[in-house]
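This report concerns the pairing of charged side chains in the model shown below. Please keep the structure open while reading.

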Amino acid sequence: MRIGLLGTGPWARMAHAPALSGHRELDFAGVWGRRPEAAKELAERYGVPAYDDVDALFAAVDAVAVALPPQVQAALAARAARAGCHLLLDKPLAPTLTEGRAVADAAREAGVASVVFFTTRFQPGPAAWIAEQAAVPGWFTARAEWLGAVFTSESPFATPWRREKGALWDVGPHALSVLLPVLGDVRHVTAAAYGPGDTAHVVLDHAGGASSTLTLSLTAPPAAAGAAVELRGEAGVTALPDGSEGAVPALMRAADALLGAARSGHPHACDAAFGLRVTEILVAVQEVLDH
């Protein structure tokens with residue numbers, strides 16, 4: 001599968017380009033970026049062409065991987081799907097329901113495969129744990145904490161969109177990607193309130209009858225940063241295992257998932273439709289926070 005990369009920022013350089021170039025079943029075929037000079041530099045590093053015209057890149061590949069802010073990703077992903085490209089996307093899928101629906105609709109109508117890179121879902125230990133807990137009945141409640149120090153340390157990810165949207169939109173998708181397959185869809189956002197900085201506290205009511213609480217932040221003290229998920233129910237107490245593996249191997253597994261979905265025609269569990277559902281929940285939480 002020939003695949004192009006959209007984006008030249010830290011995530012593209014640290015994760016996407018190494019993963020695409022190192023994958024045995026992918027032909028890393030080009031780079032497009034909003035800054036042509038950055039696209040040229042990254043492309044030269046991997047010996048691939050840089051494209052000034054994004055539509056020319058779409059025409060030259062079978063798939064695209066997107067490492068762009070969500071508001072930029074959404075429009076380009078829909079455009080790529082309409083050009084017949086399979087989609088390896090980042091979270092969140094889009095910053096609004098309208099944009100998210102446009103991506104999911106374009107992928108469905110074009111018949112292309114899509115995978116949204118929720119990192120935890122593509123790490124072996126956490127992914128196996130999620131699958132195991134999804135088969136266990138009687139969960140009563142869950143607690144998820146996703147605490148980052150993006151704005152309290154020297155981080156390349158203190159980007160404008162994260163400053164605007166905050167932890168809810170950046171790490172909230174990670175927490176939801178773990179909770180939804182285990183506890184079921186969200187029926188209702190019971191409560192939401194801001195804490196220090198961009199911290200958001202959220203309470204959710206799930207279709208399976210359980211409730212969950214989320215604490216999300218990008219302004220945690222560095223010593224307090226980390227992620228944890230705990231489930232409690234009839235089977236007892238269990239916690240999400242550490243996903244110590246780096247982003248590159250996980251992204252390569254997401255590419256495996258995209259290849260599998262493209263070959264089989266069967267949607268992956270983390271496709272654009274799932275990404276849209278996560279966006280819908282984020283919008284519902286944001287509405288509660290804003291009132």
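With which residue does Arg162 form a salt bridge? The partner is Asp170, and the closest N and O atoms of the two are 3.1 Å apart, a salt bridge being a side-chain nitrogen of Lys or Arg within 4 Å of a carboxyl oxygen of Asp or Glu.

The model is predicted, so that local features need pLDDT of at least 70 and side-chain atom pairs count only at pLDDT 80 or more, whereas totals for chains, interfaces and linings use all residues. Residues are numbered from 1 along each chain as its sequence is written, and side-chain values use heavy atoms, with hydrogens and water left out.

| Pair | N to O distance |
|---|---|
| Glu41 and Arg45 | 2.8 Å |
| Lys91 and Asp170 | 2.6 Å |
| Arg162 and Asp170 | 3.1 Å |

The bridge between Lys91 and Asp170 links distant parts of the chain, 79 residues apart, with Lys91 in the loop between strand 5 (86–90) and helix 5 (97–110) and Asp170 in helix 8 (residues 167–170); helices (H or I, at least four residues) and strands (E, at least two) are DSSP runs, numbered from the N terminus.

Buried means under 20% relative accessible area, exposed over 50%, and partly exposed in between (1.4 Å probe, protein chains only). Lys91 is buried at 9%, Asp170 is buried at 6%, and Arg162 is buried at 13%. Salt bridges that share partners also join Arg143, Glu145, Glu230 and Arg232 into one network.

Glu41 and Arg45 lie four residues apart in helix 2 (residues 36–46), a separation of about one helical turn. Glu41 is partly exposed at 38%, and Arg45 is partly exposed at 46%.
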